[in-house]
Amino acid sequence: MNLPPLTQRFVLHFGEMGSRWGINRTVGQIYALLFVSAKPLNADEIADALAFSRSNVSMGLKELSSWNLVRLNHLPNDRREYFQAPEDVWAIFRTLAAERRKREIDPTLSMLRDALLEEPTEAEDVHAQARMKQMHDLIELGTSWLDDVQKMDSASLASLMKMGSQVQKLLQVKDRVKQAFKPGKPTKP
C-alpha cells in the first residue's frame with residue numbers, strides 16, 4: 001500500500017470492519033480511501049494506492065455505486081471516470097440508512113404484513129402471529145422515525161443526536177404535564 005501512515009491505518013481498519021458491516025475487505029478499503037481523499041480518484045489511482053487488481057477495484061466501485069455511496073465525476077479532456085465519496089457525513093448516514101432499509105427492513109415488513117393478513121388455525125400460530133405483530137409495530141415505528149430523520153437538514157440532525165438523554169427528560173416532563181391535566185383530576189390552585 002502506497003499511502004501516508006494515518007491514511008493507511010484508516011483504510012486498513014475500514015477493510016477489517018467491512019465484513020462486520022456486510023461488505024468485503026476490498027470494498028471497505030476502497031471506500032475509506034475515497035472518503036479521505038482530497039480529490040476524486042480514478043480506478044487506476046485506487047488500484048495503485050491499495051495494491052489491488054484493476055478488476056477488484058472495478059467490482060468494488062460497482063458495489064459502492066449500487067449503494068449510492070460514491071459519485072461519478074468526469075474531468076475536462078479526460079475520458080477516465082473519477083469517483084468521490086460525498087463530503088457531508090450526514091448525507092452518507094442518510095444514504096446508508098435508506099439503502100439498508102430498502103435491502104433489509106422493507107422485505108421484512110412486507111413478509112410481516114403478509115403474515116398478519118393470514119388467519120391462523122393453530123394455537124402456536126396465533127401466538128406466533130401476535131409476536132410478529134409486535135415486531136411489525138416496532139419496525140413500523142422505527143421506519144416512521146427514520147423517515148422523519150431523513151427529512152432533517154444536517155444541522156438539525158446533529159442537534160438531535162447531541163440531545164441524547166435530554167430527549168428522555170423531555171418525555172418525562174411531557175408525561176407529568178399530561179398526568180397533571182388528565183380529565184377528572186382536580187387541578188391544584
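1. A crossing is left-handed if the near helix is turned anticlockwise from the far one by less than a right angle, and right-handed if clockwise. In this predicted model, helix 1 passes helix 2 in a right-handed crossing. Helices (H or I, at least four residues) and strands (E, at least two) are DSSP runs, numbered from the N terminus.

2. The basis is as follows. The model is predicted, so that local features need pLDDT of at least 70 and side-chain atom pairs count only at pLDDT 80 or more, while totals for chains, interfaces and linings use all residues. Residues are numbered from 1 along each chain as its sequence is written, and side-chain values use heavy atoms, with hydrogens and water left out.

3. The chain holds eight helices and three strands, in the sequence order α-α-β-α-α-β-β-α-α-α-α. Its radius of gyration (over C-alpha atoms) is 24 Å, well over the 16 Å that the globule rule (2.2 Å times the number of residues to the power 0.38) gives for 189 residues, so the chain is more spread out than a compact globule. The C-alpha trace spans about 75 × 55 × 30 Å along its principal axes.

4. Of the 189 residues, 29% count as buried, that is, under 20% relative accessible area with a 1.4 Å probe and protein chains only (exposed is over 50%, partly exposed in between). Among contacts (heavy atoms within 4.5 Å) between residues at least 6 apart in sequence, 51% join residues at least 24 apart.

5. The axes of helix 1 and helix 2 lie 7 Å apart at an angle of about 145 degrees; axes are lines fitted to C-alpha atoms, for helices over the stretch in contact, and angles run from 0 to 180 degrees between N-to-C directions. Helix 1 contributes Thr7, Phe10, Val11, Leu12, Phe14 and Gly15 to the contact, and among the residues from helix 2 are Arg25, Tyr31 and Phe35. Nine residues of this contact are nonpolar, four polar and one charged.

6. Leaving aside residues up to four places away in sequence, Ile30 touches Ile46, Leu50, Phe52, Asn56, Val57, Gly60, Leu61 and Leu64.

7. His136 lies in helix 6 (residues 123-150) and counts as buried at 12% relative accessibility. Beyond residues up to four places away in sequence, His136 touches Leu109, Leu112, Arg113 and Leu116.

Note on methods: Ala, Val, Leu, Ile, Met, Phe, Trp, Tyr, Cys and Pro count as nonpolar, Asp, Glu, Lys and Arg as charged, and the others, Gly among them, as polar.
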